[in-house]
Number of protein chains: 2
Amino acid sequence: IAKEVAKLLEMKAQLGGDEGKPKFVLKTPKGTRDYGPKQMAIRERVFSAIISCFKRHGAEVIDTPVFELKETLTGKYGEDSKLIYDLKDQGGELLSLRYDLTVPFARYLAMNKITNIKRYHIAKVYRRDNPAMTRGRYREFYQCDFDIAGQFDPMIPDAECLKIVHEILSDLQLGDFVIKVNDRRILDGMFAVCGVPDSKFRTICSSVDKLDKVPWEEVRSEMVGEKGLSPEAADRVGEYVQLQGGLDLIEQLLQDPKLSQNKLAKEGLGDMKLLFEYLTLFGITGKISFDLSLARGLDYYTGVIFEAVLLQQENEHVEELVGVGSVAGGGRYDGLVGMFDPKGRKVPCVGVSIGIERIFSILEQRLEASEEKIRTTETQVLVASAQKKLLEERLKLISELWDAGIKAEMLYKKNPKLLNQLQYCEDTGIPLVAIVGEQELKDGVVKLRIVATREEVNIRRESLVEEIRTRTSQ
Amino acid sequence: IAKEVAKLLEMKAQLGGDEGKPKFVLKTPKGTRDYGPKQMAIRERVFSAIISCFKRHGAEVIDTPVFELKETLTGKYGEDSKLIYDLKDQGGELLSLRYDLTVPFARYLAMNKITNIKRYHIAKVYRRDNPAMTRGRYREFYQCDFDIAGQFDPMIPDAECLKIVHEILSDLQLGDFVIKVNDRRILDGMFAVCGVPDSKFRTICSSVDKLDKVPWEEVRSEMVGEKGLSPEAADRVGEYVQLQGGLDLIEQLLQDPKLSQNKLAKEGLGDMKLLFEYLTLFGITGKISFDLSLARGLDYYTGVIFEAVLLQQENEHVEELVGVGSVAGGGRYDGLVGMFDPKGRKVPCVGVSIGIERIFSILEQRLEASEEKIRTTETQVLVASAQKKLLEERLKLISELWDAGIKAEMLYKKNPKLLNQLQYCEDTGIPLVAIVGEQELKDGVVKLRIVATREEVNIRRESLVEEIRTRTSQ
């Protein structure tokens with residue numbers, strides 16, 4: 001009988017609540033989140049730092065639709081294509097949500113026949129990945145992209161992209177970081193001299209890309225087991241991908257008897273040397289590591305690739321955040337625009353993408369730990385009254401203030417208590433209160449109260465705007 | 001034979017180009033568009049005006065995901081539900097793109113048990129509507145929403161929403177406009193006294209909503225033909241919906257022998273009177289029209305509704321734009337949050353949504369007509385060289401400038417010609433050129449050229465940052 005009762009209860013639960021109201025799950029979709037006012041305040045600080053940097057480097061800004069024709073995205077992401085969100089076929093075109101901002105950018109260039117632009121684009125992208133939200137991995141997340149398209153002398157735009165990553169991560173004070181750099185041509189050359197067949201370059205590259213998350217032994221067994229690479233070739237790859245360093249390592253590999261014979265690798269190493277020279281002039285080589293294990297998952301890269309990693313949190317007790325991982329990445333993709341051009345005309349491009357959510361997680365947790373109070377509005381003055389029946393006078397005054405460009409609020413009550421009005425200022429950080437009362441109206445003044453000091457001064461009504469401006473300008 | 005050849009040619013065309021390359025359509029999805037740097041410059045001006053206004057009124061800001069659970073949107077939009085974009089079922093939850101920002105806001109309030117907030121939200125929404133892009137009607141478009149949620153004294157927040165619309169449209173200088181106002185309770189009361197059955201209120205309301213686009217005769221025939229309303233009831237409705245005016249009309253209807261007997265209509269008219277009193281204090285009744293034909297399509301409104309319409313273009317030769325129509329709308333929706341709350345707890349809300357694309361179309365066309373040159377970057381100085389072999393010196397100098405917060409660019413060439421560098425400044429509006437040369441390097445100076453006047457001055461290197469700041473501050 002107990003069993004039967006349990007069964008019936010379960011059925012009842014499935015049917016919904018007692019009132020016959022349909023059961024409703026009140027949540028955001030898996031892997032997504034809302035941003036409340038406090039989170040938005042942090043987010044806007046981060047955006048502001050990033051946008052300032054992009055503008056400092058002379059970038060224009062563009063925007064593209066959140067979805068693209070499905071075929072625009074097809075064949076651009078290799079093994080990651082399975083993570084693309086498709087829209088339901090409701091008649092008309094087949095659409096997919098953008099997976100990154102790079103492919104839409106290349107489509108934009110080809111469509112408008114643009115061969116030369118430096119632009120940034122900040123927008124949300126979508127991946128049906130396994131979310132890990134505490135570590136800042138979402139299905140909907142912002143990318144902040146800066147790209148330079150055009151035929152230029154080697155490595156000058158590439159070096160600028162790395163300078164930008166360096167500036168932004170320094171500016172945001174996220175703690176120590178390192179920017180790993182490699183080149184797809186060096187990887188491909190290395191694969192060739194290790195005996196990886198041409199047809200397996202991209203898939204072996206995807207395996208190497210996992211080295212920042214899983215140990216070599218696991219990656220090796222994927223290469224040999226799943227991907228059918230010979231154990232000898234895998235071991236040779238294994239030796240190279242352990243290497244990391246600076247100019248010294250580049251020089252060493254340029255002397256490497258096998259690599260130096262490979263045309264692609266030699267080209268890549270030559271450019272890497274040039275890149276390091278430019279980075280030395282920028283004074284940022286201290287944070288740059290030439291790292292042969294860096295591969296980047298996406299198919300479209302053709303030259304330099306890079307990825308910025310936060311090393312550890314200053315805030316030692318937030319243990320979970322150690323290894324928050326990659327916060328920026330990018331590289332050169334000289335063939336992508338040509339894939340969209342009817343005549344295959346290429347436009348060389350290099351760019352960087354800043355991943356805001358991980359940065360944001362860190363700053364959010366840091367702010368919570370610090371107990372710093374963060375204001376979520378910019379209101380300068382609350383229009384208040386000390387007596388009843390003054391709603392009309394408050395409405396008249398606040399209207400004057402708004403029209404003069406003053407940020408002003410009032411309580412939406414006919415007869416609010418003065419104490420409640422002052423409490424509202426304390427709670428929200430409004431620095432000034434403009435109090436209207438019978439006597440003040442007769443005298444043609446407004447009583448201005450400074451919340452922090454509780455000081456009160458009578459200001460002539462015609463001087464009020466100026467007085468508020470002076471007292472709230474910093 | 002000719003027929004056969006034509007057939008074969010057609011087959012060939014269907015199979016794609018000669019090279020066997022798949023035929024590819026290079027476009028954005030129907031009803032969407034890219035924003036290039038010039039369009040973005042205009043768009044950011046508009047956003048900046050709108051955000052300033054929202055902040056002036058003390059609003060916080062939030063953000064929500066671009067998609068919601070499908071069931072979150074179900075049953076909120078009445079006849080417009082067919083326009084919702086659904087995502088493909090790829091396993092997991094069923095999702096839809098948001099149709100507006102109001103329903104996600106209500107979901108956010110219920111989910112976080114927030115009963116009191118004034119917030120804005122600027123984001124794209126999606127509607128599978130018939131696009132009319134020259135008139136600014138898209139399938140992906142921005143909404144700029146400001147809403148006040150909470151239990152307050154009547155019509156104070158409602159009046160503020162109208163003040164906001166008035167401020168924004170005045171600030172953007174879009175020409176003359178009128179804000180039509182009505183109340184769902186007045187409409188429902190009117191339907192009742194005209195003999196419209198309760199069950200037909202919402203669908204007849206949808207018909208009335210079309211009056212700004214189609215003549216009364218057509219609306220009447222939809223009511224009688226498609227929706228089964230009696231011709232007599234339709235004619236009675238037809239008499240009321242022709243009325244528009246101000247306080248006088250409100251007073252007249254409060255005396256109307258039929259309407260004054262209806263509880264809902266009386267409530268609505270009483271509040272409308274109060275609203276007009278507050279709007280008089282704000283000094284904006286000149287642009288407000290109480291209009292009984294205003295109905296608003298959406299199901300969720302419960303009280304005041306309003307819509308701002310641009311009357312005509314000052315620029316008379318852009319004939320097509322006459323009647324660009326509604327650029328803002330909103331109203332009170334006291335029941336929507338309760339639809340999400342498990343216990344049905346209500347949170348009264350009123351809000352306004354600014355439609356940016358139509359405003360944007362007007363400003364874009366106006367700018368094109370005016371030949372005003374619009375800068376798309378903020379670069380203060382171009383780092384240039386007059387001789388060859390100075391790439392390293394340019395890189396060193398620009399790096400110093402970036403680190404000092406100066407917005408600086410250089411050409412990505414090893415040895416660019418001075419003329420090309422100066423031309424780049426002319427083309428992009430960069431006001432200053434910092435020229436490094438052999439002699440200047442020896443003397444420890446940089447030659448600063450003012451592009452507009454062609455004046456050149458030698459500045460000591462250590463004073464360069466300060467000099468650039470002074471010359472580019474306004």
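Let me begin with salt bridges: across all chains of this predicted model, a search of the whole structure turns up 77 of them. As background for anyone new to the idea, side chains of opposite charge can pair when their charged atoms come close.

One of these pairs is formed by the side chains of A:R119 and A:D147, which meet with 2.9 Å from N to O. A:R119 belongs to strand β4 of chain A and A:D147 to strand β5 of chain A, 28 residues apart, and the pair therefore links distant parts of the chain. Are these two residues buried or exposed? A:R119 has a relative accessibility of 0% and so counts as buried, and A:D147, at 2%, counts as buried as well.

Please set beside that the salt bridge between A:R469 and A:E466, where the N to O distance is 3.5 Å. Both residues lie in helix α17 of chain A, residues 464-472, and they are three residues apart, which is about one turn of the helix. In general, an α-helix has 3.6 residues a turn, so residues three or four places apart point the same way.

B:R332 is buried at 14% relative accessibility, and B:D158 is buried at 1%. Back in chain A, salt bridges that share partners connect A:D183, A:R185, A:K263, A:E267 and A:D271 into one network.

Now let us turn to the sheet. In chain A, nine strands make an open sheet with mixed pairing, in the order β1-β4-β5-β11-β10-β9-β6-β8-β7. Which strands stand at its edges? They are β1 and β7 of chain A, and each has a single partner strand, so one side of each is left without a neighbour in the sheet. Within the sheet, β10 and β11 of chain A run antiparallel and are joined by five bridges, with A:A328 standing opposite A:I354 in β11(A). Helix α4 of chain A, residues 102-111, packs on this sheet, where it touches β4, β5 and β11 of chain A, and its direction makes about 45 degrees with that of β5(A).

In chain B, strand β5 covers residues 140-149, and ten of its ten residues are buried, so the strand is largely enclosed by the rest of the structure. Both faces are covered, with B:Y142 and B:F146 among the buried residues on one side and B:F141 and B:Q143 among those on the other. Ten bridges join β5(B) to β4 of chain B in the antiparallel sense, and there B:R119 stands opposite B:D147. β5(B) also pairs antiparallel with β11 of chain B, over seven bridges, and B:I354 in β11(B) is the bridge partner of B:C144.

Finally, a look at helix α17 of chain B, in which B:L464, B:I468 and B:T472 are buried. Seen down the axis, the buried residues of α17(B) fall within an arc of 50 degrees, so they line one face of the helix. These residues pack against several elements of chain B, including β12, α14 and β14.

Methods. Residues numbered from 1 in each chain as written. Chains lettered and ligands numbered in written order. Predicted model: local features only at pLDDT ≥ 70, side-chain atom pairs only at ≥ 80, totals over all residues. Heavy atoms only, no water. Buried < 20%, exposed > 50% of the residue type's maximum accessible area, 1.4 Å probe, protein only. Helix = DSSP H or I, 4+ residues; strand = E, 2+ residues; numbered from the N terminus. Arc of directions from axis to C-beta. Contact = heavy atoms within 4.5 Å. Pairing = 2+ DSSP bridges. Axes fitted to C-alpha atoms, helices over the stretch in contact; angles between N-to-C directions. Salt bridge = Lys/Arg side-chain N within 4 Å of Asp/Glu carboxyl O.
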